[in-house]
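Have the structure open while you read.

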Amino acid sequence: MDVLKQKILSEGKVLSDTVLKVDSFLNHQIDPVLMQEIGKEFAQRFKGFDITKILTLESSGIAPAVMTGLTLGVPVVFARKRKSLTLTDHLYSAEVYSFTKKESNEISISQDFISSEDTVLIMDDFLANGQAVFGMIDILNQAKARIAGIGIVIEKGFQEGGKKIRQQGYHVETLANIAKLSDGNVTFKKEETC
Ligand code: G4P
Ligand code: NA
Ligand code: NA
């Protein structure tokens, strides 16, 4: 998606060979116009998949997921990372291990909002090692929901998540796939040059 790649090139900061900072439009300040374009793009790519719900993870997955839900006309559920005061039982939960933080976190959703009747699009802002996506797959398997596919805003194609998820047969759509981060520069994967 060219407009996203241009935004990454103009505003992204390469913090190291593995980390890209995009706080000005996705992870802290949010660019609503860009999010709306992202929502339309995902809706286009997953048109005809009979999606009934979107599942994402708080917090940075919510903005692109809501814009996609708006275009597809379906509700968006976000898994919570912390135990909520009101969300206490009747849950589907999964462990998500963070390689960056070297810790495991439990993510949960209420059983009220996803059922075996649903066909779900999983979404997230970043795909690195894929642990968050596998946690959401685990939750959807518990709910016996169908998984339509995975929509990712920025994939770090040099990490293992995308390969592992595709190897398991899931349909993955990525709007910007990064081949390499080095010397402050972002290189996108060849098939997606902008
Ligand atoms: P890992 O597999 O590489 O260890 O990453 P992990 O899933 O632990 O991700 C930890 C957090 O960092 C996640 O956000 C994830 O989206 C984000 N993340 C991973 N790689 C990058 C990167 O290169 N750039 C940016 N900007 N974020 C990255 P989170 O903790 O769930 O936070 P949030 O959703 O509230 O923003
Ligand atoms: Na995230
Ligand atoms: Na994040």
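In which strand does leucine 20 lie? Leucine 20 lies in strand S2, which covers residues 20-21. (Helices, H or I of at least four residues, and strands, E of at least two, are DSSP runs numbered from the N terminus.)

Some ground rules before going on. This is a predicted model, in which local features need pLDDT of at least 70 and side-chain atom pairs count only at pLDDT 80 or more, while totals for chains, interfaces and linings use all residues. Residues are numbered from 1 along each chain as its sequence is written, chains are lettered from A and ligands numbered from 1 in the order in which they are written, and side-chain values use heavy atoms, with hydrogens and water left out.

## The annotated binding positions

An unreviewed UniProt entry lists Leu20, Asn27 and Lys156 under "binding site". UniProt positions are in the numbering used here, with feature names shortened, and annotations may be inferred rather than shown by experiment. Leu20, Asn27 and Lys156 from this set are part of the lining of the largest pocket. As for what a pocket is: on a 1 Å grid over the protein atoms alone, it's an open set of points where a 1.4 Å probe fits, with protein on both sides within 12 Å along at least five of seven lines, and lining residues have an atom within 4 Å of a point.

Leucine 20 counts as buried because its relative accessibility is 5%. (Buried means under 20% relative accessible area, exposed over 50%, and partly exposed in between, with a 1.4 Å probe and protein chains only.) Not counting residues up to four places away in sequence, leucine 20 touches Ile8, Gly12, Lys13, Val14, Phe126, Ile154, Ile178, Leu181 and Val186. A contact here means heavy atoms within 4.5 Å.

Lysine 156 sits in strand S8, residues 146-156, and is buried too, at 10% relative accessibility. Leaving out residues up to four places away in sequence, lysine 156 touches Thr18, Phe126, Leu127, Ala128, Asn177 and Ile178. The side chain of lysine 156 does reach the backbone oxygen of threonine 18, at 2.8 Å.

The unreviewed UniProt entry also places "binding site" at Ala128, Asn129, Gly130, Gln131 and Ala132. Ala128, Asn129, Gly130, Gln131 and Ala132 from this set belong to the lining of the largest pocket. Asparagine 129 is in the loop between strand S7 (119-127) and helix H4 (131-142), and is partly exposed at 22% relative accessible area. Apart from neighbours within four places in sequence, asparagine 129 is in contact with Phe99, Gln159, Glu160, Gly161 and Lys164. Alanine 132 lies in helix H4 and is buried, with a relative accessible area of 18%. Beyond residues up to four places away in sequence, alanine 132 touches Leu57, Val96 and Asp124.

Asp124 turns up again with serine 59. Serine 59 and aspartate 124 are 65 residues apart in sequence, and their C-alpha atoms are 9.4 Å apart in space. Serine 59 is in the loop between strand S3 (53-57) and helix H3 (62-72), and counts as exposed at 52% relative accessibility.

## Salt bridges

Side chains of opposite charge can pair when their charged atoms come close. A salt bridge means a side-chain nitrogen of Lys or Arg within 4 Å of a carboxyl oxygen of Asp or Glu. By this rule, the model has 9 salt bridges, including these:

| Pair | Closest N and O atoms |
|---|---|
| Lysine 7 and aspartate 31 | 3.1 Å |
| Lysine 40 and glutamate 37 | 3.6 Å |
| Arginine 45 and glutamate 173 | 2.9 Å |

Arginine 45 in helix H2 and glutamate 173 in strand S9 (residues 172-182) link distant parts of the chain, 128 residues apart. Arginine 45 is partly exposed at 23% relative accessibility, whereas glutamate 173 is buried at 17% relative accessible area.

Lysine 40 and glutamate 37 both lie in helix H2, 3 residues apart, or about one turn of the helix. Lysine 40 is partly exposed at 43% relative accessibility, and glutamate 37 is partly exposed at 33%.

Lysine 7 and aspartate 31 are both buried. Lys7, Glu11 and Asp31 are linked in a network of salt bridges.

Methods. Polar contact = N/O pair within 3.5 Å; in protein donor to acceptor, adjacent residues only side chain to side chain.
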